[in-house]
Amino acid sequence: MEYGYNDNQSKLDDIAHFNDFFRDTLKGDLHGSNKGYLNGNNKNIDKVFKLLVGSPNLFDSINKSVNYIECHDNLTAFDRMLLTKTKVDKIKDYLDFGNSIIAISMGIPFYHAGQESYRSKEGDENSYKSSEKLNAIKWNFKGQNITNFKEILKIRKKYLDHYKNPSDASITYNKKVLRYVVEHNGIILEHILINDYKRRKIKFDGKLIFKNKEVNIKKDSFIINKPGVYILLKSR
């Protein structure tokens with residue numbers, strides 16, 4: 001899919017745009033049942049590299065990229081992933097993963113109300129005229145997913161300067177493990193991104209400051225077996 005509506009972005013100073021490239025790369029095309037990076041599609045990994053650093057293929061400034069996977073119209077991310085015939089428990093893992101990617105990507109993070117608790121509108125993709133019951137947010141904001149969501153937003157806020165300059169970032173991809181490293185003033189954040197359930201032993205140095213899912217930590221390594229973002233803090 002092309003995103004030609006951004007062609008005039010260079011003429012619109014200080015105007016940000018909803019980044020559909022970000023949305024579709026992560027959860028799959030808006031209309032259809034194909035999978036995106038969040039639920040195991042690694043065919044377009046080069047696109048993931050771009051969205052992490054503000055989508056320079058679309059915008060001349062990271063401040064023009066509104067990074068999102070769902071908003072008020074179209075299917076919620078939860079309902080969209082149901083089309084891929086994925087089990088609900090795995091969908092929840094993938095959405096936790098997606099919420100974390102939004103937080104660590106350069107640009108403007110955008111979250112739809114209720115997204116952090118797997119909001120569903122029962123497959124209604126144009127609910128502006130639907131019932132209040134369907135559109136209501138279920139205020140069940142408890143659980144480890146909510147705790148983790150709050151924690152990664154704190155990390156984003158604390159290390160905001162790390163997410164401002166694409167030239168400070170480096171990204172590598174090996175054996176389906178993506179490592180996204182950003183450095184500012186000698187402080188290094190290394191983000192490890194996994195989008196499957198394969199058991200892996202990850203060697204590391206530094207301090208593990210965020211994990212989407214529980215890991216088994218050894219002296220110089222930890223075991224990952226679920227998709228998510230895992231953040232290491234280092235210093236020079």
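This is a predicted model: local features need pLDDT of at least 70, side-chain atom pairs count only at pLDDT 80 or more; totals for chains, interfaces and linings use all residues.
Hi everyone, thanks for coming.

Let's start with the whole chain. There are 6 helices and 11 strands. The radius of gyration is 18 Å, close to the 18 Å that the globule rule gives for 236 residues, so the chain is as compact as a globular protein of that length. If you draw a box along the principal axes, the C-alpha atoms fill roughly 55 × 45 × 30 Å. Buried residues account for 49% of the 236. The accessible surface is about 12,300 Å², and carbon and sulfur atoms own 50% of that. As for contacts between residues at least 6 apart in sequence, 65% of them link residues at least 24 apart.

Now, the inside. Nonpolar side chains tend to be buried together in soluble globular proteins. Here, the largest nonpolar core holds 39 residues, and Y37, L52, I101, I104, Y163, Y180 and L193 have the most contacts within it. Several elements each supply at least two residues of this core, including helices α1 (20-27) and α2 (45-52) and strands β5 (177-184) and β6 (187-194). Which element gives the largest share? That would be α4, with 8 residues.

Take a look at Y37 while you're there. Leaving aside residues up to four places away in sequence, Y37 touches T25, L26, N42, I45, V48, F97, I101, L178, L193, I194 and N195. There is also a second, separate core of 11 residues, with I194, I202, F222 and L232 among them.

Next, helix α6. Which residues of α6 are buried? They are N145, I146, N148, F149, I152, I155 and R156. A helix has 3.6 residues a turn, so residues three or four places apart point the same way. The buried residues of α6 pack against α4, β3, β8 (207-211) and β11.

Key. Residues are numbered from 1 along each chain as its sequence is written. Side-chain values use heavy atoms; hydrogens and water are left out. A nonpolar core is a set of buried Ala, Val, Leu, Ile, Met, Phe, Trp, Tyr and Cys residues joined through side-chain atoms within 4.5 Å. Buried means under 20% relative accessible area, exposed over 50%, partly exposed in between (1.4 Å probe, protein chains only). Helices (H or I, at least four residues) and strands (E, at least two) are DSSP runs, numbered from the N terminus. Contact means heavy atoms within 4.5 Å. The radius of gyration is taken over C-alpha atoms; the globule rule is 2.2 Å times the number of residues to the power 0.38. Accessible areas come from the Shrake-Rupley method with a 1.4 Å probe; for residues, only the protein chains shown count as cover.
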